[in-house]
Amino acid sequence: MAAVPVGAPDPADVLILDGSVTPPAELAGGKAAGIAGMTAAGLPVPPAFVLTTGVCRRFLAEGGGVLDALWGEMRQGMAHLESATGRRFGDPAAPLLVSVRSGAPTSMPGMMDTVLNLGMTTAARNALSISMGETYARDTQERFAQLFRGVVLRDGQAAIPDDPWRQLRLAVEAVFRSWLSPRAVVYRKRHGLDDTAGTAVTVQAMVFGNADERSGTGVLFTRNPSTGAPEPFGEWMTRAQGEDVVSGTREPQPLSALAELMPDVHTSLLEHARFLERHHRDVQDIEFTVESGRLWLLQTRSAKRAPRAAVRFAAALGREGLVDEETAVRMVTAEQVRALVRPGLDPEQRAAAVLLARGLPACPGVASGVVVTDPEEAESRAAEGESVVLARRTTSPHDLAGMMAAVAIVTEIGGATSHAAVVGRELGVPCVVGCGEGALLGHAGETVTVCGDTGEVLKGALVLTRVSEDIDPDLRALTGWARRFAPLAAWRPEEAPAGVPPRPDLDLSTDQGVAAALADGVTAVVTEHPLPVLLAALAHPRGSAKRQ
C-alpha cells in the first residue's frame with residue numbers, strides 16, 4: 001500500500017459516528033461499525049468518533065506526525081461528543097471523560113489495549129467529587145490511573161499528564177501500537193488474520209456503571225454461546241465498569257439479578273438484543289452499561305461460540321429463515337465439527353471418578369492432561385508433546401500462548417463472560433471457570449480430566465466414548481444442506497452410493513487433506529465424518545467459486 005503524505009490526511013481518517021453513515025469494518029473496525037449501526041437504528045449509544053485503520057497503518061509506518069496532521073479533525077470529533085453530552089473535555093466544572101478502545105476489522109477479544117475514564121485530571125476529580133460524591137470520584141480516578149499506567153506508561157515511573165489532550169494523544173498512540181503486541185500477533189497467526197490490516201481507535205463518551213447502586217455493567221449474548229440454547233444468556237455486575245466483567249476479578253451475577261433490580265431496563269435490553277440479532281442475522285455479543293437506571297449499549301458483534309453452540313446456532317438460524325441454508329452451513333467450520341464429534345466421557349467412569357473441583361462450564365468438551373499453572377511452562381511442555389491443563393486464578397491476554405497450547409483451561413475466579421471463557425470458546429478448548437479460590441492450583445503436576453459440559457474437574461485421565469454424528473438433528477440438517485453446495489460429495493460407509501470406492505490413501509481429517517483431494521480432482525469420498533469434509537471443501541477456493 002502506498003504511503004499517504006503526512007501533510008495530507010484522508011477525508012475518511014476521522015469519522016464521527018452519528019448514524020449518518022455506517023462505515024465498513026475494514027475501515028472503522030468492528031467496534032465502530034457496530035456503534036454506527038446501533039446509532040443509526042436509534043438505539044441508546046454514547047456518542048463516539050473513530051480514527052480509522054488507515055491511520056493506524058500510516059502511524060506504525062511513519063510515526064507521530066500522522067496524528068499531528070489529524071489533530072484538528074480529532075478536536076472536531078471531540079466537539080461532537082461535547083455537544084451530545086453537554087460536557088466539555090478538560091472543563092473543570094463539567095468534565096467529559098472518554099474511553100479509548102481498539103477495534104480491529106475482525107474481532108480480537110482482549111488482544112489489544114483500552115483506556116477508560118480518560119480526561120481524569122485533578123480538576124475533573126474535584127468536580128466529580130462535588131457532583132457525584134467522593135467515593136465515585138476516587139473509584140473512577142483509581143480505575144483511570146491503573147489502566148493508563150499499565151497500557152500507556154507500561155507500568156513505568158513517568159507521571160500521568162494532567163492535560164487531558166496529552167492523555168488522549170498518548171492513549172491513541174498506545175492503542176495503535178498494541179496492534180503489534182506479541183499476544184495480538186500470536187492471535188492473528190492462530191486465526192489466519194491479516195497482519196497488515198491495522199486497528200481503528202474508537203473514542204467514546206464514558207457512561208458510568210460505577211455511579212451508584214442503580215448502575216452497573218454487563219454482557220448479553222442473544223443465545224447461549226456455550227450450549228447454543230435459544231434463550232438469552234449473560235452476566236451483570238452492579239457498581240462496575242466493563243473491565244471488571246472481562247477480567248474475571250469479580251464474581252458476576254446472572255441477568256436475572258438485573259431483572260429484579262431494574263425490570264424496565266432488563267426488558268429494554270432484551271428488546272434491543274432481539275432487534276440486533278435480526279438486523280445482523282447472527283447471534284450477538286452485546287456490551288452494555290446502566291448509569292443511574294439508564295441503559296446504554298456500548299458494542300455489538302457476532303458472538304464467539306463453542307463448537308456445540310456454533311452447530312446449534314447455524315441449524316437454528318437456517319430453520320428459522322433468518323439466513324438461507326448455504327449461509328447457515330458457512331457459519332460453521334470443519335474444525336468446530338471435528339471438535340464436536342471427538343470422544344466424550346464414559347458415564348460410568350464419570351460416576352466413579354474423584355471430583356477435584358466444580359465451576360461454571362464455559363466451553364464444552366472433555367480433555368485430560370497434567371495441571372500446569374504457568375502459561376510459559378504450559379507452552380514449553382505442550383511443545384514437547386505433553387497434554388497440559390492450564391489452571392490459573394484468572395486469565396488475561398498475556399496468557400494467550402499458554403491457553404493456545406493447553407488441552408483445557410480452568411480458572412478459580414471469573415464468570416462465563418470472563419476472558420478465559422471467551423477465549424476458550426473461540427479456541428474450542430474445554431473450559432471451566434469460577435471453581436473457587438484455591439480450588440485447583442494446589443493440584444499442579446497431577447493428571448486431571450476437565451469436562452466443559454458439566455463444569456467438573458476430575459482426578460485422573462478418564463475413558464472417553466465417541467459421539468454418534470448421525471443421530472444429532474443439527475449435524476444431520478447441516479450435512480444435508482452442505483451436500484447441496486459443496487464441490488465434493490462425502491458419505492458414510494453405510495450410505496455411500498455404488499461406485500464410490502474407499503480411498504485409504506486420502507487424509508480427510510484436516511482441511512489441508514481435503515484441499516489435496518480437491519486438487520487431485522476427487523469428486524466423492526467415503527468417510528466416517530462427512531460434515532467436516534463437506535465444510536472444508538466449501539471453505540476451499542473451489543467451494544467459494546461455486547457459490548459465485
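The largest cavity in this predicted model is lined by Ser99, Arg101, Leu116, Gln204, Ala205, Met206, Val207, Gln241, Gly242, Thr289 and Leu298. Two elements, strand 3 (98-103) and strand 5 (200-205), each give two or more residues to that lining. The space inside comes to about 100 Å³. If you count cavities of 30 Å³ or more, you get one.

Next, the second largest pocket. About 390 Å³ of space lies in this pocket. Its lining takes in 19 residues, and those nearest the centre are Thr85, Arg87, Met206, Val207 and Glu291. Which elements supply at least two residues each to the lining of the second largest pocket? They are helix 3, helix 4 (122-132) and strand 10 (294-302). Sorted by class, this lining has 15 nonpolar, one polar and three charged residues.

Helix 3 brings me to a helix pair. Two packed helices are described by the angle between their axes and the distance between the axes. For helix 2 (residues 53-62) and helix 3 (residues 65-85), the angle is about 140 degrees and the axes are 8 Å apart. Helix 2 is therefore oblique to helix 3; the cut-off for roughly antiparallel is over 145 degrees. On the helix 2 side, the contact uses Val55, Arg58, Phe59 and Glu62. On the helix 3 side, Val66, Leu67 and Leu70 meet them. An α-helix has 3.6 residues a turn, so residues three or four places apart point the same way. In the contact of helix 2 with helix 3 there are five nonpolar and two charged residues, and no polar ones.

Where is it placed? Serine 178 sits in the loop between helix 6 (164-177) and helix 7 (182-191). Its relative accessibility is 0%, so serine 178 counts as buried; the cut-off for that is under 20%. Leaving out residues up to four places away in sequence, serine 178 touches Met111, Met112, Asp113 and Ala184.

Last, helix 20. Why is helix 20 (residues 530-539) described as largely enclosed by the rest of the structure? Because nine of its ten residues are buried. The buried residues in helix 20 are Pro530, Leu531, Pro532, Val533, Leu534, Leu535, Ala536, Ala537 and Leu538.

Conventions: Residues are numbered from 1 along each chain as its sequence is written. This is a predicted model: local features need pLDDT of at least 70, side-chain atom pairs count only at pLDDT 80 or more; totals for chains, interfaces and linings use all residues. Side-chain values use heavy atoms; hydrogens and water are left out. Buried means under 20% relative accessible area, exposed over 50%, partly exposed in between (1.4 Å probe, protein chains only). Helices (H or I, at least four residues) and strands (E, at least two) are DSSP runs, numbered from the N terminus. Axes are lines fitted to C-alpha atoms, for helices over the stretch in contact, and angles run from 0 to 180 degrees between N-to-C directions. Angles under 35 degrees count as roughly parallel, over 145 as roughly antiparallel, 65 to 115 as roughly perpendicular and the rest as oblique. Contact means heavy atoms within 4.5 Å. Ala, Val, Leu, Ile, Met, Phe, Trp, Tyr, Cys and Pro count as nonpolar, Asp, Glu, Lys and Arg as charged, and the others, Gly among them, as polar. On a 1 Å grid over the protein atoms alone, a cavity is a set of points where a 1.4 Å probe fits but cannot get out, and a pocket is an open set with protein on both sides within 12 Å along at least five of seven lines; lining residues have an atom within 4 Å of a point. Grid points are joined across faces, edges and corners, and a volume is the space filled by probe spheres set on the points.
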